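Let's take a walk through this one, starting with the aromatic rings and then moving on to the nonpolar cores. Keep the viewer open as you read.

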Amino acid sequence: MPEVTKAGVPLEQATKVAIMIHGRGANAASILSLSQYLNLEEFALLAPQAPGSSWYPYSFMAPDLNNEPAFSNSIKIISDLVKDVLGKGFTSEQIYFIGFSQGACLSLEYASQNAKKYGGVIAFTGGLIGEKLNPAKYKGDFLGTPVFIGSSHKDMHVPLSRIEASSELIKNLGADVKTLIFSDAQHTIRQEEIEWVNKHVLK
């Protein structure tokens, strides 16, 4: 297993688990620091560390082969972590994914390739991964899982068109999708996003 930083409630006592996925150039500690703003009091927090602080080398919209083998390895890291949590007796409904930027893309991508009823998917600035979106890659049924995507209308890394296309595809997989798009050009997590997620996903 890769390096995973744990925080919050011990797994043995937790009723919910949040898998928190950091952005490019960041680390597990940086994404865990979000927990002071999010309603995660009852959660065990698991933050995997990307090798070399990057889940894949190029843009999430680069030609697919350019991001291999790192991308497939990163999906496997998340998959192994989910299997480990399920093996400890949790259901998928008790598992939440929270990611920022590259971590938001990976959260959406893993969950959509393995759609089922999760507690929620929270993507702070992200979209589904691939040079072109390939609906055949995504399987399962989210069964009403709340999925949140927040971003700038002109983010420097994540085009609005990809967020809209991702949102549509994820809705078609049965998720209850909410996108919040902001008029600033910041690559950041906004107070409004935190408040919406706390009220509607982490309630």
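**Rings first, then the cores**

There are seven aromatic pairs in this structure, which is a predicted model. Take Phe 43 and Tyr 96: their ring centres sit 4.9 Å apart with the planes at 75°, and since over 60 degrees counts as edge-to-face, that's what this pair is. The two partners come from distant parts of the chain, 53 residues apart, with Phe 43 in strand 3 (residues 43-48) and Tyr 96 in strand 4 (residues 95-100). Both Phe 43 and Tyr 96 are buried.

Elsewhere in the ring inventory, Phe 97, Tyr 110, Tyr 118 and Phe 142 make up one aromatic cluster.

Now for the nonpolar side chains. In soluble globular proteins, these tend to be buried together. Here the largest nonpolar core has 45 residues, and the ones with the most contacts inside it are Ile 78, Phe 97, Leu 106, Leu 108, Phe 142 and Ile 170. Helix 2 gives the most, with seven residues.

For a close-up, pick Ile 170. Leaving aside residues up to four places away in sequence, Ile 170 touches Leu 108, Ser 112, Leu 128, Phe 142, Val 147, Ala 175 and Val 177. There's also a second, separate core of 23 residues, with Leu 38, Leu 40, Leu 180 and Phe 182 among them.

Key. Residues are numbered from 1 along each chain as its sequence is written. This is a predicted model: local features need pLDDT of at least 70, side-chain atom pairs count only at pLDDT 80 or more; totals for chains, interfaces and linings use all residues. Side-chain values use heavy atoms; hydrogens and water are left out. Rings of Phe, Tyr and Trp (its six-membered ring) pair if their centres lie within 6.5 Å; planes under 30 degrees apart count as stacked, over 60 as edge-to-face and the rest as tilted. Helices (H or I, at least four residues) and strands (E, at least two) are DSSP runs, numbered from the N terminus. Buried means under 20% relative accessible area, exposed over 50%, partly exposed in between (1.4 Å probe, protein chains only). A nonpolar core is a set of buried Ala, Val, Leu, Ile, Met, Phe, Trp, Tyr and Cys residues joined through side-chain atoms within 4.5 Å. Contact means heavy atoms within 4.5 Å.
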